[in-house]
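Please look over the sequence and the model shown below before reading the notes that follow.

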Amino acid sequence: MEEKVCPDKAQFLKKAKWAIRRSYWLNQRLPKEYHSVLVNLECCSLHCLRVCLQNCSLLPEAEVLLFDKFANDHPDILRDYICAHGASLALLSKLIENKNLELLECFLDKRRYYSEMFLLPSDAQIVLVKSDDVDFFQKVLNLGVQLADEAFALLLQRGHYDMLAVYCKSCFWKDSKTYLQNQWFDIVFQRHDMNAVELLLSYFKLTFEALVKLVDTGHKDLVTTYFKTHDVDKDVQCQIAQSTHKKLIALYLQNKPFDKAAQLDLVKSGYKDLLKMHYLKYGLNDEVIVFQASLNFVKSYLGV
């Protein structure tokens, strides 16, 4: 029995048919209300669809429909469409959800051609991180994808150690001179994720603020290992020496000496016991000794 079409639907399809033909014949853009009709092939052929898509980008929901209908049987339609028009977040999410690396690579190649800073847009990066799929994540990273700050922060928040390890290995340099941003450190520190902290220490240096938080929460062993394995910049040494955090200063001096500027700051701090510790273990710079003697003379002269 032939299916009946209501008059309104029939009139709509008639208008859609002529709009699609104009798009096909005259290379005109197809009005948005007919996008799903085009993709569903309700009044056009597969060949007509291919031609229309050369000049017409679809609404996000129509892009998803295009994937659902043709990704398996006619993936070339999706490849040609993405190469010509890119992909919306809805379609990218669909590609990630279905782990369709081939079509995702088409999108990345287009972005790479236009020298986009982040090959994968930030919103799509977040979808990728939320997938919690280590293997697919690795494959996407191998295509040159790096995470923007927002997506990397989410990766830290989710506490997926294997994904974090894969990302660090793929995108960071071991023992780099770069400091771990305090906001990134705070994310893992607030979750008491010391495994993640130790992993990040293989790729980043710690700020003074991060060192203080670790010592204050009883992670002296981690800080000791850090001081033994990392070169501490002069500025951070001075921050340590200028601080009132005697535990941190003592922990540093148990592992390595201050440079001249930090020694001067230690003299100014008035911590005689810590200065003695430095002198007995490492000695003092000649200029620092002269400064200390001069300071004592001035204090004696002034009676302070």
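This is a predicted model: local features need pLDDT of at least 70, side-chain atom pairs count only at pLDDT 80 or more; totals for chains, interfaces and linings use all residues.

Residues are numbered from 1 along each chain as its sequence is written, and side-chain values use heavy atoms, with hydrogens and water left out. The protein chain holds 20 helices and zero strands, where helices (H or I, at least four residues) and strands (E, at least two) are DSSP runs numbered from the N terminus. The radius of gyration of the protein chain is 31 Å, well over the 19 Å that the globule rule gives for 304 residues, so the chain is more spread out than a compact globule; the radius is taken over C-alpha atoms, and the rule is 2.2 Å times the number of residues to the power 0.38.

**Whole chain**

- Taken along the principal axes, the box filled by the C-alpha atoms of the protein chain is roughly 110 × 30 × 30 Å.
- Of the 304 residues, 44% count as buried, a term that means under 20% relative accessible area, with exposed meaning over 50% and partly exposed in between (1.4 Å probe, protein chains only).
- Among contacts in the protein chain with a separation of 6 or more, 65% come from residues 24 or more positions apart, contact being defined as heavy atoms within 4.5 Å.
- The protein chain exposes about 16900 Å², and carbon and sulfur atoms supply 51% of that area, as computed by the Shrake-Rupley method with a 1.4 Å probe.
- There are 38 positive and 38 negative side chains, and the centres of the two sets lie 2 Å apart; Lys and Arg count as positive and Asp and Glu as negative, whereas His and the chain ends are not counted, and the place of a charge is taken as NZ of Lys, CZ of Arg, CG of Asp or CD of Glu.

**Helices 8 and 11**

- In helix 8, which spans residues 122-130, the buried residues are Ala124, Gln125, Ile126, Leu128 and Val129, and their cover includes helix 6 (89-97), helix 9 (134-142), helix 10 (149-158) and helix 11 (161-171).
- In helix 11, Met163, Leu164, Val166, Tyr167, Cys168 and Cys171 are buried, and the buried residues of this helix pack against helix 8, helix 9, helix 10 and helix 13.

**Positive phi values**

- Just after helix 8, Asp132 takes a positive phi of about 55 degrees.
- Asn27, although not a glycine, has a positive phi of about 55 degrees; this residue is found in the loop between helix 1 (7-26) and helix 2 (35-39) and is exposed, with a relative accessible area of 52%.
- Asp175 lies in the loop between helix 11 and helix 12, where its phi is near 50 degrees, a positive value in a residue other than glycine, and its relative accessible area of 55% makes it exposed.

**Buried polar side chains**

- Asp193, in the loop between helix 12 (182-190) and helix 13 (194-200), counts as buried at 15% relative accessibility, and its side chain makes a polar contact of 3.1 Å with the side chain of Arg191; a polar contact is a pair of N or O atoms within 3.5 Å, where within protein one must be able to donate a hydrogen and the other to accept it, and residues adjacent in sequence count only if both atoms are side-chain atoms.
- Leaving aside neighbours within four places in sequence, Asp193 is in contact with Gly159 and Val188.
- His245, in the loop between helix 16 (234-242) and helix 17 (246-253), also counts as buried, at 15% relative accessibility, and a polar contact of 2.6 Å joins its side chain to that of Asp216.
- Not counting residues up to four places away in sequence, His245 touches Val212, Val215 and Asp216.
- Gln237, in helix 16, is buried with a relative accessible area of 7%, and a polar atom of its side chain lies 2.7 Å from the backbone nitrogen of Asp259.
- Beyond residues up to four places away in sequence, Gln237 touches Val232, Tyr252, Pro257, Phe258, Asp259 and Ala262.

**An exposed arginine**

- Arg29 is placed in the loop between helix 1 and helix 2 and is exposed, with a relative accessible area of 57%.
- The side chains of Arg29 and Ser57 make a polar contact of 3.2 Å, and, leaving aside neighbours within four places in sequence, Arg29 is in contact with Asn55 and Ser57.
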